[in-house]
Amino acid sequence: MGFWLGQLRLFLIAIGFFTRIPVPSALTVDSDSLNKASRYFGLVGVVVGLISALVLLLAAGILPSSIAIVLAMISSVLVTGGFHEDGLADTADGFGGGWRVEDKLKIMKDSRLGSYGALALVLVLLLKYQLLLELALYDINQAALALVLAHCVSRVTAASIIFSETYVRDEGKSKPLAQQQGLNELGILLLTGIVLTAVLSTTLLFWLLPTMLLLRWALVFWFRRQIGGYTGDTLGAAQQVSELAVYMLLLALGGSPA
């Protein structure tokens, strides 16, 4: 019983870290528990994806699919507080506007939105909307499943970067960040995405696994070249890019995750 209560505590820590969903105020968080909670970042993606998918299906029952998709996207931003989108914008500003590593990290820490960040946000959100719209043209139910899958797998991919890479900032910008990841955490994290994908389709797993591994390698290579490691902002950018990659793969495979 104590083991499962401990796991529930770690899951709630992950929920509190990644979303605006209320968690018990008595929940205590330290660096060790936050590091261990990284094992459930993929499950948090399932929760966010389910909420977004529910909004999509409910809205699609009375509104055009295009409007339902916008509402689903808004719901995911409200649930997460735009956490990952903020990381994407800061990463674009830092990588685009800085020459030295110190300059890039300084720009990324600045709360103001620059032109590179604004362009990245607009283009990524536009592409995400168009991809989801194309998926909905096949089947609105499949688009809902795609939301759950993409939100989970993208967080698994982004969080796995913690395991192998170096955190290059002395402290997080707005809240503590999981900076270490053991084999147990990595194993449970990866298992979450693999099991969810396999339940939907073993064929999809065959294509999704190498695609995300290749994308992770490319992201890690990019982050190393730019700043020598990762920050919370770059993990947010990795999540957004990975989410887009899942939608693109689904479309390439015929628009169905199941």
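1. At 56% relative accessibility, Trp 217 counts as exposed, and in this predicted model its ring forms a stacked aromatic pair with that of Phe 221, with 5.7 Å from centre to centre and 15° between the planes. Phe 221, at 42% relative accessibility, counts as partly exposed. Because the two residues lie four positions apart in helix α10, Trp 217 and Phe 221 are separated by about one helical turn.

2. The helix that carries this pair, α10 (residues 202-227), packs against α11 (residues 232-252) at an angle of about 150°, the axes being 10 Å apart. Since angles over 145 degrees count as roughly antiparallel, α10 and α11 are therefore assigned to that class, and α10 passes α11 in a right-handed crossing.

3. On the α10 side the contact includes Leu 204, Trp 207, Met 212, Phe 223 and Ile 227, which meet a set of α11 residues including Thr 234, Val 241, Ser 242 and Leu 250. The residues of this contact divide into 14 nonpolar, three polar and no charged.

4. Across the whole structure, a search finds 12 aromatic pairs. One of them joins Tyr 167 and Tyr 230, whose ring centres are 5.4 Å apart and whose planes stand at 55°, so the pair is tilted. This pair links distant parts of the chain, 63 residues apart, with Tyr 167 in the loop between α8 (140-164) and α9 (183-200) and Tyr 230 in the loop between α10 and α11. Both Tyr 167 and Tyr 230 are buried.

5. Elsewhere, one aromatic cluster is formed by Phe 17, Phe 18, Phe 41 and Phe 83.

Terms used:
Residues numbered from 1 in each chain as written. Predicted model: local features only at pLDDT ≥ 70, side-chain atom pairs only at ≥ 80, totals over all residues. Heavy atoms only, no water. Axes fitted to C-alpha atoms, helices over the stretch in contact; angles between N-to-C directions. Parallel < 35°, antiparallel > 145°, perpendicular 65-115°, else oblique. Left-handed = near helix turned anticlockwise from the far one by under 90°. Contact = heavy atoms within 4.5 Å. Nonpolar A, V, L, I, M, F, W, Y, C, P; charged D, E, K, R; others polar. Phe/Tyr/Trp six-rings, centres within 6.5 Å; stacked < 30°, edge-to-face > 60°. Buried < 20%, exposed > 50% of the residue type's maximum accessible area, 1.4 Å probe, protein only.
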